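Me: I am new to this structure and would like to understand the words used to describe it. Could you take me through them slowly?

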Amino acid sequence: MSAALETATVPAITTEDDISEDFPHIKADQCLFLQLPSGNVKQITLKPDTKIPLGKFGTFKANALIGQPFGLTYQILNNSGDIKPVRNTALEDIESTEANNREIFDSKDAQKLTHEEIERMKREFPDEADEESIIKKIIESHSSFEKKTEWSKAKYVQRKKKKFSKEFTPMRPTLYSVAEYFFERNPEKIGFLRVDTLAQILNFANVHAEARYLVVDDTQGLLISAVAERMGGYGQIMGIHDGLSSNYDVLRYHNFSKRILDSISTLPWTMVDKDEPTSDGWVEFTEEEFEGLTDREKINYTRRRKTVKRIEAARAVLNEGGFDGLIVASQYLPMSILDRLLPFVAGSRPVVIYNINKEVLIDAFLHMRSSKEYVGVQMTESWLRRYQVLPGRTHPEMTTSAGGGYILSAYRTFDTPNPHLDASKTEEQSEAKKAKTSQ
Amino acid sequence: MSFRKYKRYVEEGDVVAIHMGRDTLKAVTVVKDEIQSNKLGSFPHNDWIGREYGSKVYSKKGSFVYLLHPTPELWTLMLPHRTQILYLADISFISAYLELKPGSRMIESGTGSGSFSHSIARTIAPTGHLFSFEYHEERANLARQEFKDHGLEDLITLTHRDVCKDGFGLSDTVNAVFLDLPAPWEAVESAKKAFKQHRTGKICTFSPCIEQVSKTVAALNEHKFVDITMFECLIRNQEVYSVKKLTVDHAIQNIRYMDARRKENKAKAKRSIDEMKGHTSYLTFATFLPVEAGTAPAATE
């Protein structure tokens, strides 16, 4: 049991927070995102002395990125994986012309170059057949390209660029980029928590440095990472989790400094109950007893001791209570969570609960609205629309996420009795009130 | 210290958010021997001092309010409006996109009524800094006083200045820029200089009209900002209503027996047609690239 209780630790590869560095360049062993010409984002860990494969876009040498700034766009030069930064192209204005699609007929024969011919070009001249010359050849071989409108020409070139370009842009993992990456790639893993909804959770919960938050995260660590980023290692996070050890996989994509990782403590649900023993049958050895153990036993004992101590420390943090907020994105019914965790939350602090399904929140919503333990109870839904803003071609994106889930939020209050009245009178009054309302 | 750091108990001098009912909040500074009078009654401040935040406090007549700890979110709901203000949907999305966190250094223009300023200061504390610019002198003075009263003065430098004419006067300083101006494109060039030059930075402009967006995009493009994109973000309130489940059988019953049951079988829709904010502003975003991007020596071996 001791081994299983061990928290899966995220290795800290840096001691400094990027924001405090003037030159926060790409470091070895960092997690980063690569924006690819296809519009996809690839997540990599930059292992030194390796080559990073980007599928059909080619391969590049990891060492060539180490020490470079984020945000620049690089082109893969050749098959040995050399890269060079390229200038990011400006958006081009498109002039309106008389052209229209009246003369264009759908035909497979419009493009004279075959797929095989293009592939041969790429194979025979890998160093020269860069995207531009390939795209130029393709345009030249397109019989009705000139008949297209300028808009449609631009779209055509853009589409070919996506296909043949060998460029990529390394991006820093941030709260935004990490959330966007998982939402695009594996939304189920993160409880379908969309980035705008996540941002709203952080604001509803007034997440900030030098505070203490209680977090129930069944989004594989997306929520707890976001809280950690906003706290910058100042303050304390207590994560309550499923199973014996936490599964906050998303934490490792953030390149958090040790200080930030150290601000996170975790406990399994069983340890929330004050009467639950931390570890069955755990006996601390005296120094003499310890010396009497074999090497193997010593290792096991030390590991187990570390775990027990960690959990004892985390329980002490939890039992101190007075948390500055309860933030939940969980598969469990909100009422079952509130029953157990509300007593640990200080007065006037926010309680914020996310779920992709409104139905899950309704019972808790109605309870909170009628309870005297909460004020400012509201349930909200976020709506987000992204636009393409190319000059002369501004419009909303054609497809978008249809739902970002629901947030139930409130402030915790106390039903303090009225000191101006003596107890019997208060009771009398409330009895009278009850009688009145039941009529 | 009250807006950036929680405390447990109400003390003299605190700004307290009085919760008087759903959507009714009022900011009150706690002063000994003073009495807060509102539509619910008269509440002696002396009853509040020493109470835990979140407590219910009573007037002499037995009506009550809750004492809430001030937060930037509550402040947005109760601040004195001197201008149009930003609300949570835009504030939270912009904060995430601009990657605000402890240590961020940011420009905001204009300060307006200080709704976003409070939120930014909270998010970038304790090590970040906000440079806020306001061209209306009286508004600048009022905001400055509020920041002081709310314990944010060391986090915010407020300058009275027309940034479109005179620029920000900052160079190599910030990670993020937010422009809520009638003509944000006039401030883009100066904003570019203000960015920390050796790292990426993010800019957001906030404009209600699409024509403003076009001009801003052109200016951002001209000044070599990349990843130019635009969003709209809205929040919809959700309510839960109890609705009687009526069937056509009820209708038939009603017609057949025009009796007392008719009344009880009528669906009582207790709700009104809800309104929501349908548009606040377009949020245009772009990325500032480290200088000499593209001319740095090729990273080949």
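Reply: In chain A, strand 8 (residues 211–217) and strand 11 pair in the parallel sense over 4 bridges, where strands are DSSP runs of E with at least two residues and helices are runs of H or I with at least four, numbered from the N terminus. This is a predicted model, in which local features need pLDDT of at least 70 and side-chain atom pairs count only at pLDDT 80 or more, while totals for chains, interfaces and linings use all residues. Residues are numbered from 1 along each chain as its sequence is written, chains are lettered from A and ligands numbered from 1 in the order in which they are written, and side-chain values use heavy atoms, with hydrogens and water left out.

Me: What makes strand 8 and strand 11 of chain A a pair?

Reply: Two strands pair if DSSP finds at least two bridges between them, and strand 8 and strand 11 of chain A have 4 bridges, so they pair by that definition. One bridge partner of Asp217(A) is Ala329(A) in strand 11 of chain A. Strand 11 of chain A is also joined by 4 bridges to strand 12 (residues 350–355) of chain A, and these two run parallel, with Val328(A) opposite Ile353(A) of strand 12.

Me: How do you know which faces of strand 11 of chain A are covered?

Reply: The test is burial, which means under 20% relative accessible area, with exposed being over 50% and partly exposed in between (1.4 Å probe, protein chains only). In strand 11 (residues 326–329) of chain A, Leu326(A) and Val328(A) on one side and Ile327(A) and Ala329(A) on the other are all buried, so both faces count as covered.

Me: Why is helix 6 of chain A called mostly covered?

Reply: Of the 10 residues in helix 6 (residues 195–204) of chain A, 10 are buried, and among them are Val195(A), Asp196(A), Gln200(A) and Phe204(A). Helix 6 of chain A is followed by Asn206(A), whose phi is positive, near 50°.

Me: Why is helix 11 of chain A called oblique to helix 12 of chain A?

Reply: Helix 11 (residues 334–341) and helix 12 (residues 358–370) of chain A pack at an angle of about 50°, with their axes 8 Å apart. Angles under 35 degrees count as roughly parallel, over 145 as roughly antiparallel, 65 to 115 as roughly perpendicular and the rest as oblique, so helix 11 of chain A is oblique to helix 12 of chain A. The contact (heavy atoms within 4.5 Å) includes Pro334(A), Met335(A) and Leu338(A) of helix 11 and His367(A) of helix 12 in chain A. Its residues divide into 7 nonpolar, 1 polar and no charged.

Me: What makes strand 2 and strand 6 of chain A edge strands?

Reply: In chain A, 5 strands form an open antiparallel sheet in the order 2-1-7-5-6. Strand 2 (41–45) and strand 6 (83–86) of chain A each have a single partner strand, so one side of each is left without a neighbour in the sheet. The twist averages 35° from one strand to the next. Strand 1 (residues 31–35) and strand 2 of chain A pair in the antiparallel sense over 5 bridges, and Leu32(A) stands opposite Ile44(A) of strand 2.

Technical notes: Axes are lines fitted to C-alpha atoms, for helices over the stretch in contact, and angles run from 0 to 180 degrees between N-to-C directions. Ala, Val, Leu, Ile, Met, Phe, Trp, Tyr, Cys and Pro count as nonpolar, Asp, Glu, Lys and Arg as charged, and the others, Gly among them, as polar.
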